[in-house]
Amino acid sequence: MELRHARGTLALDHCAVMGIVNRTPDSFYDGGRMGFDETIAHAEKLAAEGADVLDVGAVKAGPGEEVSAEEEARRLLPIVEDLATRTNVPISVETSRPEVADAAVAAGAGLVNDVGGLADDELAAVCADTGAAIVLMHHGGQVRGRPRNPRYGDVVAEVAAELQALAERVRARGVPGDGIVIDPGLDFNKTTFHSLELVRRLDELTGLGYPLLLSPSRKDVVGEALGVPPEQRLEGTLALVALAVAKGAALVRVHDVAPTVRVVHTVEAVMGLRAPEAPVRGLWE
């Protein structure tokens, strides 16, 4: 399986690791920690650790102050432009604004990570015109806020139906099927029980026929499962990564690339999808 994007293709015969590069000063985990040069250095470090995609975001997806399109572009575009000259790793931009996405692809991005659930159909047109791949996330109506007692009859079935509908909308605007990724949107208008059920039944979503991205990194689903703050959620994140790989996820989006790559490779070795890197035990004469 390959994902076509504006800069080429991304092989998905193994689970790809998407490294998070935040330009959001109010991010729940690492916001405001790095200036421009530090952000570039961090992104290059993630690439060196094995990231298959670098996902650059400039607006917090959760609660926070409104950010204008101009400010989002000011934060985002210089990073994308600089990174595009430094690495061959595909760059994704997390945005729901067509004008920002268009400028980001022109600056060197290949994918658009839309956490807004196609709030503006023109985003699909931008992806069709530029050849950018699009990630479609289920948010259940909640992006810039906190969930308020969300209710589902069957959360997996309802998320699957919404993702299928989103995929059909972007295909109608000209985005090819091999340029679409789906994301169930853990935590977004979901209780922890909903998010855990989505992971438990993830194979029902991978059966929709599109590459599936899971984004568990240090989220509340991990924190509430363990009763720990974001800085103590690495092990729980890696547990969800392992389950996602075993259930057929095509990509995982994380802050911590090096340990995630090791987990992905180990699970794939167990599944027979990847040969061991250095098998010598018992193989000598």
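Predicted model: local features only at pLDDT ≥ 70, side-chain atom pairs only at ≥ 80, totals over all residues.
Reader: Which residues of H5 are buried?

Author: They are Val155, Val156, Val159, Ala160, Leu163, Leu166, Ala167 and Val170. Looking down the axis of H5, you find these buried residues within an arc of 130°, so they line one face of the helix.

Reader: And what covers them?

Author: The cover includes helix H4 (122-130), strand E7 (133-137) and strand E8 (180-183). Helix H6 (192-200) and helix H7 (202-206) are also part of the cover.

Reader: What goes on at the start of H5?

Author: Asp154 has a side-chain oxygen that comes to within 3.1 Å of the backbone nitrogen of Val156.

Reader: And what follows the helix?

Author: Gly174 follows H5, and its phi is positive, near 110°.

Reader: You mentioned H6. At what angle do H5 and H6 pack?

Author: The angle is about 75°, and their axes are 9 Å apart. Angles of 65 to 115 degrees count as roughly perpendicular, so H5 and H6 are roughly perpendicular to each other.

Reader: Which residues make that contact?

Author: From H5 it's Val155, Val156 and Val159, and from H6 it's His194, Glu197 and Leu198.

Reader: Staying with H6, which of its residues are buried?

Author: Thr192, His194, Ser195, Leu198 and Val199 are the buried ones. Seen down the axis of H6, they fall within an arc of 160°, so they line one face of that helix.

Reader: What about the face turned away from the buried side? Which exposed residues does it carry?

Author: That face of H6 carries Phe193 and Arg200, both exposed.

Reader: So what sits over the buried residues of H6?

Author: H5 and H7 are among the elements covering them. Others include strand E9 (213-214), H8 and helix H9 (234-246).

Reader: Okay, H4 next. Which of its residues are buried, and what covers them?

Author: The buried residues of H4 are Leu123, Ala124, Ala125, Val126 and Cys127. Their cover includes helix H3 (98-107), strand E6 (111-114), E7 and H5. After H4 comes Gly131, with a positive phi near 85°.

Reader: New topic: where is Arg253 found? Is this residue buried or exposed?

Author: Arg253 is in strand E10, residues 251-254. Buried means under 20% relative accessible area, and Arg253 has 13%, so Arg253 is buried.

Reader: What does its side chain make a polar contact with?

Author: The partner is the side chain of Glu94, at 2.9 Å.

Reader: Which other residues does Arg253 touch?

Author: Leaving out residues up to four places away in sequence, Arg253 touches residues including Met18, Ile20, Asp55 and Asn113. Leu213, Leu214, Ser215, Pro216 and Ser217 are also on that list.

Reader: Last one, Val222. Where does it lie, and is it buried or exposed?

Author: Val222 lies in helix H8, residues 220-226. Val222 is buried, with a relative accessible area of 2%.

Reader: What does Val222 touch?

Author: Not counting residues up to four places away in sequence, Val222 touches Pro216, Arg233, Gly236, Thr237 and Leu240.

Reader: And what separates Val222 from Val280?

Author: They are 58 residues apart along the chain, and their C-alpha atoms are separated by 36 Å.

Note on methods
Residues numbered from 1 in each chain as written. Heavy atoms only, no water. Buried < 20%, exposed > 50% of the residue type's maximum accessible area, 1.4 Å probe, protein only. Helix = DSSP H or I, 4+ residues; strand = E, 2+ residues; numbered from the N terminus. Arc of directions from axis to C-beta. Contact = heavy atoms within 4.5 Å. Polar contact = N/O pair within 3.5 Å; in protein donor to acceptor, adjacent residues only side chain to side chain. Axes fitted to C-alpha atoms, helices over the stretch in contact; angles between N-to-C directions. Parallel < 35°, antiparallel > 145°, perpendicular 65-115°, else oblique.
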